[in-house]
Amino acid sequence: MSAFVVERRLSNVNKADLAMLQEALRFACDRLTSRGEPVRCLGSAYLPGPARLLTLFEADSAAAVQRVNENVHAPFVSLEAALKIDPAPAPGEV
Amino acid sequence: MAGAPVKTRPNNLPAELTSFVGRRRELSEVKRLLTTTRLLTLTGSGGVGKTRLALRGAAEMARGFPDGVWLVSLAAIDDPQLVVQGVFSALGLQDMSGGWSLATLSDYLADKHLLLVLDNCEHLLDSCALLAVTLLKACPELRIIATSRQALGTTGETRMRVPPLALPEDGEALTPERLATCEAVALLSERATAVQPGFKVDVGNAAAVLRLCRRLDGMPLALELAAVRLEGMSVEAVVKGLENELPVLASRNRGAETRQQTLEATIGWSYGLLGEEERLLWARLSVFAGGFDEAASVTVCSDDNLPPDRVAESLASLVEKSIIQRDPDRQPARYWMLETVRRYGRQRLRERDGEVDLQRRHRDWVLQLALAVGAHDHHEVEAFDRIQRELDNVWSALDFCRRDPEEAAVGIQICRQLFPYWWSRGPLGDVRRILDGLHALTAEDSLPRAWCLWIAAGLAVVQSDAAAAWPMAEECLRIARGRAEPELLAMASALTLFTSLYIRKRSEEELISLANVMIADGRSSDRWYMEAYGKSYTCSIRLGQGDLAGAIEAGESALAMWRDHDELFGRGAVLNNLAEAQRRRGEVDRAEALAREGAAGQHALGGRRGLSQLVETLAWMAADRGADARAATLLGYADSLRESIMLALLPVHQARHDACEQASRAWLGDARYARAFEQGATMPDVEAIAFVLEQQPARLAALSAATPKSLPSAVLTRRELEIARLIADGLTSQQIAAKLFISERTVTTHVTNMLNKLGLSSRIQLASWVASEPVGARNA
């Protein structure tokens, strides 16, 4: 599975709206996954200054991520392939 | 007998154009289920009657939903991201917010007790499922009926399969009278009577009628298509024709798939019986999304193979054959196809290799509608209303444009011409999303890119998204200066100026210099409106500087230009600032008159954002002169307007709003203030605007009630009828001009046109004619 970042502009939103959107993204991912196109929503970060929401996905294709994002009623500005970098294990951690 | 829409609750349910036959058991089941579930999905084959059943069920349950029952028709929507906008539109709301539209909708519906009917969900299942789940979770008193070939597939959904109309059991011996009471036979018989008044099931045709109904599996749409053929064919002939088309019906395994094949084959059979021109028109009309009127069908569908006069004739013929539906209550009459029939036509269009050509012609027709909006003339209210009616066609044309780089420039041109409409009525977020797609198709530093940035930045400012607006405005201005294209340079200057007014990134001297670029362009070209805009902005800049005399001089000059051209959109840009300048100078009466003029214009354009600001301003002015009850009522109306466009009060207005409220509350006391506020918040629109304008609501209500349905013989336009009534009320042309915010010359033109149309020779005769009309022309 590859990583993708989706950017959307969202002004005038509060924490409850963002939580609801996160839930909607997960719902849309689950539906597509249940039809044999696995997509995972790994989480989002909201940047209040520029009013942007960045969401990280894992999927086999950008098309699947696009389909998920088209169904949550929140326009997105871009969908880009990304490199997911996990934190290095702490010393002594397996 | 055709039914009327339910009147007991607010709703947008269409009147039933044909009788509702049978379905007693299913209807009872729908109503029972709706008391136990919050999401009921009616599933079944296309043409089985899901929509009719849902609408009838919703109408009969309306009493239980104080906030109404609302139909969201999704057949014409192909883009899943437009579904929420479809709901806003059905509810009569405008989403002008910059937030997440679904959260905004959830907030609005959170305390509402209403029923949504989501019709034709099958091509948007994921989108509809998410919408339903999210809304039902956030809105405890909301219920939804969905219709779809497939269930939405969500937790909590109750599914009800809609069967075909009932048929007698095989081998059951029935008299013709008993047979006629079977649902499928009753429907066939009812529709056949419409084309052959003496038709009835009797001993002579009972066996053939039963065979026909069995052949068509009791599918309502198939039965309706077959019934209209009984006008010129015997039942036996229809059965024989269908048997050639439907060999599969020999099978006794009549599942959903077989029924779908039955329907498609029946549609194919109907298609085969048509003449070539009718077939061609059916295929071509499938390019329209959400319907069309006759003039549009001629513009888009006629050519050498289908001359304009033949389009009208073929259209009438297709209506007679139930291929095309016609709503005669709309003026002009509105036509549309059931989705199954439209998709069949689209398939035939593809086979004829004419799809792209037709899509271009459809796009060009939409462009013409858009040009009328951007023309800066006195037709703008009609042009705005036309776009409202054709919004599905606009989305469809824009969708076509953003699929092909060669079409992008036209798509941008459509959006640009529609800018006043988007600005006034939205939906801003969806237009910005479409512009993002078009932007990606344009070349660096090209004119289409610059215009795309221009529109997107302007809409971003309205959404208070300065972070997005500023770089786009700067980029637009950079391209404009590089291209040295006068109109673009002037418009880019306007954009930069407008953006700067919100985010204060340029000095006032720079802003004045940008306004001067616009004024110079207007004076050196035929773009008079550029000068008017430049002066309007100068008024705003001078007001910000505290230069009241400068603001009033520029504002009055701009206002004179807008009035001279009978233009409302641009006028709205200056009236609020000019009113404020006059108020600060102590000219309170003049200030209120200006604000009222602005409010009337915004109301006519359907610009609720601008209207809410002007009503708020009028509330402050009322409080200033001690009219506290009026101030409270105006605050209530402004509040309800903001709620209907999903916007909060602008922070910059908060202090004056609070001061107004405190002053009114202190004088009236809490209880009287609350009553006056509530009165404004709940007043019907026509009464509210009459209150704002301090006019007689009865007269305004009468004007507003002049629905196209009531127009006498459909000969007069709405505007002409409005003027005719005022003439009958004894107003002079000058008074009418002042009242309707148009020039005296325009009134005279309308009067001349009316006299010509009605064959009259004087205004006195016209007034008598108004008085003699039983419905519509007189104040109803």
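At what angle do the axes of α4(B) and α5(B) cross? They cross at roughly 40 degrees and come within 9 Å; axes are lines fitted to C-alpha atoms, for helices over the stretch in contact, and angles run from 0 to 180 degrees between N-to-C directions. This is a predicted model, in which local features need pLDDT of at least 70, side-chain atom pairs count only at pLDDT 80 or more, and totals for chains, interfaces and linings use all residues. Residues are numbered from 1 along each chain as its sequence is written, while chains are lettered from A and ligands numbered from 1 in the order in which they are written.

**The helix pair**
- Helices are DSSP runs of H or I with at least four residues, numbered from the N terminus.
- From α4(B), the contact uses B:L102, B:S106 and B:L109, and from α5(B) it uses B:L131, B:T134, B:L135 and B:A138.
- Two residues are in contact if their C-beta atoms, placed from the backbone, lie within 7 Å.

**Chain B against chain A**
- Chain B gives 26 residues to the contact and chain A gives 21 residues.
- On the side of chain B that touches chain A, α5(B) has the largest share, with seven residues.

**Nonpolar cores**
- A nonpolar core is a set of buried Ala, Val, Leu, Ile, Met, Phe, Trp, Tyr and Cys residues joined through C-beta atoms within 7 Å; buried means that 20 or more other C-beta atoms lie within 10 Å of a residue's own.
- The largest nonpolar core has 259 residues, and B:A619 is one of those with the most contacts inside it.
- Helix α22 of chain B, residues 447-462, gives the most to this core, with 12 residues.

Note on methods: Helices (H or I, at least four residues) and strands (E, at least two) are DSSP runs, numbered from the N terminus. A residue is buried if 20 or more other C-beta atoms lie within 10 Å of its own, exposed if 12 or fewer, and partly exposed in between; C-beta atoms are placed from the backbone.
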